[in-house]
Amino acid sequence: MKTRLVRTDVSLATFAGTQLPKDCYGLLTDTAAVRRIIRIMSKTSRRVVSGVLLIVTLVVSTGGALGYLGRLTLAFDRHAGKPLAIIEEVPGPPGGPPCPIDARYYDEAPEGLRPEVLQAWLALRSKASEQGVQLCLNDGKRSRGQQRAEFDEAVEKFGTEELASRYVLNPPDRSMHVIGFAVDIQPIESAKWVEKNGGTLGWCRRYENEQWHFEYNSGYSTGGCPALIPSATGS
C-alpha cells in the first residue's frame, strides 16, 4: 500500500534574513536553519520555538506509529504540492461513461485504488480482453462519504438498515471499497468470467448475494479463493 505521513504545510517566513523551510519535515531536519533562528531569538521566544518543535515531533512520531500499527491508513498524494489524504477519504469517480456492452452500467476509471490493486485490475482486464471478454468497472474506490450515500440509497431501496447492510456495509470503514481493495464488475456475464478466471490474479468473489463484487488479495493467487459468505454482513 502507498504510505506516507500527512504533511501540514508551514507558511514561508523569514527571521533576520533566515528563510524557514516550507514544511514540518524540512524544519525538523534543517538543523542549520534551526540553530540560526534560536541564536537570534529571546529566551522566551526560544521556549516557544522549542515547544512548537516538540509538538511537531510528537505529531509526526504518533502518526508514524499509528500507521505502522495499522490504525491510520495514509496515502501518497498523486498531485504534487497538494496536501496528502487519508485513503478512506479519497473519493472514487462518481460515475463514468456507459459500459459499452451494457449501457445500464458504468465503466468508470479505476481512480483511487491502491497501486497494487490498480496493477492487478489492469492485469485482469488485459487477460479478459485476450479472451474476448470486456469487463466494466461499475464501481470501484469509494470514500467514506460515498459509502454512506450508497448505504442511504440502499436503505431507501430495501426499506430497512438491516437489509441494506447486506449489500452496502455500514459503518463505511468496514467496506473494502472504502479502503481500495474491491471492484464491482458488470455485466454479470463478465463477472462470471472473473469468478472462473480471476483467482490466479488475486481476484475473488466474496458474497453469495453479489455476483458482481470482487476483492483483491495477492494471497488468493497462490492459496485460492476463500469460501463465499452469504452477504456483506455474513448472514
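A salt bridge, as I use the term here, is a side-chain nitrogen of Lys or Arg within 4 Å of a carboxyl oxygen of Asp or Glu. I keep in mind that this is a predicted model.

**Entry 1: salt bridges**

I began with Arg-206 and Glu-215, whose side chains meet in a salt bridge at 3.8 Å, N to O. I looked up their cover too, and both Arg-206 and Glu-215 are buried. I then searched the whole structure and found 10 salt bridges.

Next I picked Arg-125, which pairs with Asp-107, the closest N and O atoms being 2.7 Å apart. Arg-125 sits in helix 4 (residues 115-130) and Asp-107 in the loop between strand 4 (102-106) and helix 4, so this bridge ties together parts that are 18 residues apart in sequence. Are the two partners buried or exposed? Arg-125 is partly exposed because its relative accessible area is 24%, while Asp-107 has 15% and therefore counts as buried.

I also noted Asp-139 with Arg-142, a salt bridge whose closest N and O atoms are 2.7 Å apart. Here Asp-139 and Arg-142 are both buried. Salt bridges with shared partners also join Glu-89, Arg-144 and Asp-173 into one network.

**Entry 2: helix 5**

With a relative accessible area of 18%, Arg-144 falls under the 20% cut-off, so I call it buried. Its side chain makes a polar contact with the side chain of Glu-89, at 2.5 Å.

Which residues gather in a patch of negative charge on the surface? I found Asp-152, Glu-153, Glu-156 and Glu-161 there. Helix 5 (residues 144-158) gives the most to this negative patch, with three residues. I checked Asp-152, which is found in helix 5, and its relative accessible area of 46% makes it partly exposed.

**Entry 3: a nonpolar patch**

I turned to Phe-158, Leu-163 and Tyr-167, which make a nonpolar surface patch of about 220 Å². Leu-163 has its place in helix 6 (residues 161-164) and is partly exposed, at 33% relative accessibility.

**Entry 4: cis peptide bonds**

Most peptide bonds are trans, so I was pleased to log two exceptions. Asn-170 and Pro-171 are joined by a cis peptide bond with omega of about 5°, and Pro-171 is in the loop between helix 6 and strand 6 (182-186). Gln-186 and Pro-187 are also joined by a cis peptide bond, where omega is about -10°. I placed Pro-187 in the loop between strand 6 and helix 7 (188-197).

Definitions and conventions: Residues numbered from 1 in each chain as written. Predicted model: local features only at pLDDT ≥ 70, side-chain atom pairs only at ≥ 80, totals over all residues. Heavy atoms only, no water. Patch = residues over 30% accessible without salt bridge, like charges linked within 9 Å, V, L, I, M, F, W, Y side chains within 5 Å. Areas by Shrake-Rupley, 256 points an atom, 1.4 Å probe, with all protein chains shown as cover. Lys, Arg positive; Asp, Glu negative; His and termini not counted. Charge placed at Lys NZ, Arg CZ, Asp CG, Glu CD. Helix = DSSP H or I, 4+ residues; strand = E, 2+ residues; numbered from the N terminus. Buried < 20%, exposed > 50% of the residue type's maximum accessible area, 1.4 Å probe, protein only. Polar contact = N/O pair within 3.5 Å; in protein donor to acceptor, adjacent residues only side chain to side chain.
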